[in-house]
Every structure is written in C-alpha cells, then in structure tokens.
Amino acid sequence: MAILGVADHSSSSSSSHGPQKQQQLTSATCKEPAASPESSKEEEEELKGVRHLCERGITALPPRYVLPPSDRPAPAPARGIPVIDLGRLRSPVASERAAELAAMDAACRDLGFFQVVNHGGVDSAMMLDVARRFFALPQEERERHMSPDIRAPVRYGTSFNQLNDGVLCWRDFLKLLCNPAKMDDVVPSWPHNPADLREVMSSYARANQRLFRELISAALEAMGITGGGVLEELDNGTQMMMVNCFPACPEPDLTLGMPPHSDYGFLTILLQDQVNGLEVNDGQDWLLVDPLPGALIVNVGDHLEIFSNGRYKSVLHRVRVNSTRSRISVASLHSLPSERVIGPAPELLADGIPRRYLDTDLATFLDYLSSAEGKHKTFLQSRRITLPSS
Ligand SMILES: O=C(O)CCC(=O)C(=O)O
C-alpha cells in the first residue's frame, strides 16, 4: 500500500495529552523550512543523510539540526516499562493467562507501552546484524534507494519527514512496505545488498506479523471485542517497517534522533539494539525506556486509540542520540487496510457510551499531515470529540 510512504515515517505528531502540553511537546516536529539555508549545496549534502555527514567527518552539528533550547532533550530517568510474558499469555492455566491479559490491558490503558518477553520465533539478532551491514554500505549503494517519490514502497531517507522538517533529525532510515497479504510481491523490490537482506528482513517481517496477530487478538479479547471480523481485516491490512539508524552525534544535547510523535497504526513492535534512546512521555515527563535484554517494545498507535474509543492510549515518544554509539532500531507498524474507515468499535459504544472520536482513514491522516494545520497541531487531537463532561 504505497500511500503509507507519504510521510517519511508516516507517524503523526499526535498525543493523548492536553492541548497546552501538546503544543509544547510537538513544537520540534514541524517547523517552517529555514528561511535561508547556508547554501543549496549544503542542503543537498544534508538530505543525503546523517551517515553521509558523519562519513564527511563533521565535528559540530550543522545549524539545520539544532533545536531551539526549549525543544532540546534533558537527561531523563531510565524506566522499565510493563513486562508481558508471552509464555504466560499462551498458558493453558486459565488464571495465569487471565492475569497476563489483564496486565497487558492495563499497560495499554496507562502508559500505552509495554515490553514483550518470551516471544520466540523473532530472530532479532539477525535482523539487527543485516540492518547494521546495510547502513555500513557505501553512500552510493544506499543512495540507490533514495527516491523523490515519497509514496515509494521502498525508500532510503533521512530525518523525520524531510520535506517538511525545518529542523532536521539525526536519523537515516530504510522504509519497507510489507503488507501481510502482499509480501511475495514486494520483497523482490527490496535492496539486494547485503545479499541476505531480503531473506532476513522478510522473515523478520513475517515473524512480526504473527506476533502482532497474537497481541492484537489478546487486546481485542481484553476489550470484549469478539466479532466483527477485525482480525481478518487486519490480516489483509498494512505493515510498514522502518529500519532506523542513529549514528553517534557530535552534539547530541542539541538535537533528537526523532521528534515527539505518536504512531498512526494499531500497534508498533519495536526492536532496538543494546543502545537505549527511546523516550516515552507519561503526560508529565520524558522517561528513557530501558528494556530487558531480548525484549521487544510494543506501543499503541492512533488507530487503536480511536478504535478502542480512548480506552487505549497512543502516547508521544521520541528518540535521543548520543556522542559515542551508533544505534539501530526497527519499528514495525501494523494497521487495517488503508481504505478502511476507522472509528470506535460498536461493542464499545453500547449502553449509551458516547463516541469520543470522529471516523478516520489513512488518506485523511495524510491530507492532514500535508496541510498547513498538520504542521502545528496534532492529528489525533483533530479526531477527538469534546464531550460536555470531559
Ligand atoms: O528508535 C526508537 O526507539 C523509536 C523509533 C520510533 O519511534 C519509530 O520509528 O516510530
């Protein structure tokens, strides 16, 4: 589904926080383009990505990456997020399973983030290894996948939404569309260098599809949504993998690897290497996520917040960088088919419970992102219905 490629990350700058806080948190995301770039040559170099800048041996952050002081990251306390043990979620012992399901439900309602252990079947080490080798390729090789077509299903790029970002982010990425029902069609267009990239990344993507199905089935069960064919729709839905590289940065306190944003989909499954950098906003503070070794991080996206009528929270997160260690992460974003109109599940509107969100679809989100409004406000906020009592 090529439309998912429109934003370089296809995430929204949305949040479940109040408008005032929101304005403050998202001010880094969408600045107007800098009035006068030093030179078009310099801008051209920057748009080749941060790996390229590092290879050129820069020792200071170019001005276009420097955030205004109020948006710069401050040291954040490390936080272990809720742990969900898939072994227990699969347990034949009903009480054990019920307890784990309740823990997952609580995590989705409170922080909107949790980590999964005992997930089995997901070969994280091979995925990280091939991603690292891809970003270590010469610039000319990586550049082959750069495209002016932001809808391209395979795309190498930089920053967050490089066409809109006034302040650039310290990130390069490889975006791969891998919708479950279309995997065999798309994989042949993925990079063939490193030689094992297609095999390793497609097998990782498939393992993520299985894990997503298991987690979302549990979430639907926890919410009491048992019918409606949503699972089958999700099987034919969208999946996008963002393979991110955050090189060591000469002045990490002045910039971010990714600005505050939330993800558009149902769930995102995130793999990171041993270098921390993900920060989650709990409504008050930024907390540095410190996952257990081998765990995958999972977060609720905007579509699931809407579908759950606000029971689950899609929260802002961002990425910090550091001066000594390069970091690799892989975010796999899963949702319903792009043309599907998403609103609160009918089961959750029974007994006069008011709907809290307008319907939406991916096209509306993308229109919003490319509009002037999209630069300053938040998508999820634009979908909220203000109730007299809320
Ligand atoms: O690298 C990370 O920790 C987070 C990446 C992320 O937020 C994303 O790709 O949406």
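1. Tyr65 is buried, because 23 other C-beta atoms lie within 10 Å (buried takes 20 or more other C-beta atoms within 10 Å of a residue's own, exposed 12 or fewer, partly exposed in between, with C-beta atoms placed from the backbone). Tyr65 sits in the loop between helix H3 (50-55) and strand S2 (78-79). Helices here are DSSP runs of H or I with at least four residues, strands are runs of E with at least two, and both are numbered from the N terminus.

2. A caution on what you're looking at: this is a predicted model, where local features need pLDDT of at least 70 and side-chain atom pairs count only at pLDDT 80 or more, while totals for chains, interfaces and linings use all residues. Residues are numbered from 1 along each chain as its sequence is written.

3. What does Tyr65 touch, leaving out residues up to four places away in sequence? Val167, Leu168, Trp170 and Thr255 (contact means C-beta atoms, placed from the backbone, within 7 Å). Tyr65 is also 7.8 Å from Leu254, C-alpha to C-alpha, though 189 residues separate the two in sequence.

4. Now the whole protein chain: 13 helices and 14 strands, with 45% of its 390 residues counting as buried. Take the chain's contacts with a separation of 6 or more, and 81% of them join residues 24 or more positions apart.

5. On to H9, residues 197-223. H9 has 27 residues and reaches 38 Å from first C-alpha to last, close to the 39 Å expected at 1.5 Å a residue (the expected span is 1.5 Å times one less than the number of residues).

6. H6 (residues 124-135) and H9 have axes that come within 9 Å and cross at roughly 135°, which means H6 is oblique to H9. Axes are lines fitted to C-alpha atoms, for helices over the stretch in contact, and angles run from 0 to 180 degrees between N-to-C directions; under 35 degrees is roughly parallel, over 145 roughly antiparallel, 65 to 115 roughly perpendicular and the rest oblique. Met126, Met127, Val130 and Phe134 of H6 make the contact with Leu197, Val200, Met201 and Tyr204 of H9.

7. H5 (residues 94-110) meets H9 too, with axes coming within 10 Å and crossing at roughly 90°, so H5 is roughly perpendicular to H9. Leu101, Met104, Asp105 and Cys108 in H5 face Ala218, Ala219, Glu221 and Ala222 in H9 as contacts.

Terms used
Contact = placed C-beta atoms within 7 Å.
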